[in-house]
Amino acid sequence: TQLVPSFHEAWHQRGNVLAEMNRPKEALASYARAIELDSSSALSWFYHGMTQIDLKDHASAVKSYEKAWALNPNLDRLAGAYMRLRTSLCDWREFGPWQDRLIEGLRQGRSIGTPLGITSVLDDPAALHQAARIFTQQLHPSSTRLGPPRARSGADPARLLLGGLSHAPRLHAAGGAVGAT
């Protein structure tokens, strides 16, 4: 398949596909091309940074995340990813103000990161619960057409099923808990 050479979105999506295929070097080149075509795309800068992390180029990832932040500080998952990256590099500068930004984003109902990732930078149970609620609502929006969940025959309603599979491993490393009702 041929790409339209000047279509930013095609290069960005190509990067996504290559990243899912575990081909980070090629994905990085596609995101870089998308950025060449539209340097104002915060999303392309963000994914460029995520791929740089996959390639263990953390210093460059910080710069990519900062570019994305300058373009759109409200981009989903950016604040949490940026803070996790900085703490993994033992960069504790402005740690408190960044935590405040994350909590404020959660109060506003924004997706600041995956619940598992947020646990590494926040220790406020209410904030962690809010992060999980936002993430779950985005991933599985409620539907009024489905009605209430059905009880499983013979299931213990107090028991939880834990899962570790992910439909999107680039978004989160592990699955969550779901009720067994």
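Reply: Helices (H or I, at least four residues) and strands (E, at least two) are DSSP runs, numbered from the N terminus. Read in that way, the protein chain follows the pattern α-α-α-α-α-α-α-α-β-β, that is, eight helices and two strands. The model is predicted: local features need pLDDT of at least 70, side-chain atom pairs count only at pLDDT 80 or more, and totals for chains, interfaces and linings use all residues. Residues are numbered from 1 along each chain as its sequence is written, and side-chain values use heavy atoms, with hydrogens and water left out.

Me: How much of the protein chain counts as buried?

Reply: Buried means under 20% relative accessible area, exposed over 50%, and partly exposed in between (1.4 Å probe, protein chains only). Of the 181 residues in the protein chain, 36% are buried.

Me: Which residues of helix 6 are buried?

Reply: An α-helix has 3.6 residues a turn, so residues three or four places apart point the same way. In helix 6 the buried residues are Trp98, Gln99, Leu102, Ile103, Gly105 and Leu106. They lie on the same side of helix 6 because they cover an arc of only 155° around the axis, the arc being that of the directions from the helix axis to the C-beta atoms. Asp100 and Arg107, on the other side of helix 6, are exposed.

Me: What covers the buried residues of helix 6?

Reply: The cover includes helix 4 (58-71), helix 5 (78-88) and helix 8 (125-139). Contact here means heavy atoms within 4.5 Å.

Me: How do I read an aromatic pair?

Reply: A pair of aromatic rings is described by the distance of the centres and the angle of the planes. Rings of Phe, Tyr and Trp (its six-membered ring) pair if their centres lie within 6.5 Å; planes under 30 degrees apart count as stacked, over 60 as edge-to-face and the rest as tilted. By this rule there are six aromatic pairs. One of them is tilted: Tyr31 and Tyr47, at 6.0 Å centre to centre with 50° between the planes. Tyr31 lies in helix 2 and Tyr47 in helix 3, so this pair ties together parts that are 16 residues apart in sequence. Trp92 and Phe95 form an edge-to-face pair, with 5.4 Å between centres and 70° between planes.

Me: Are Tyr31 and Tyr47 buried or exposed?

Reply: Tyr31 is buried, at 0% relative accessible area, and Tyr47 is buried at 14%. Tyr31, Phe46, Tyr47 and Tyr65 form one aromatic cluster.
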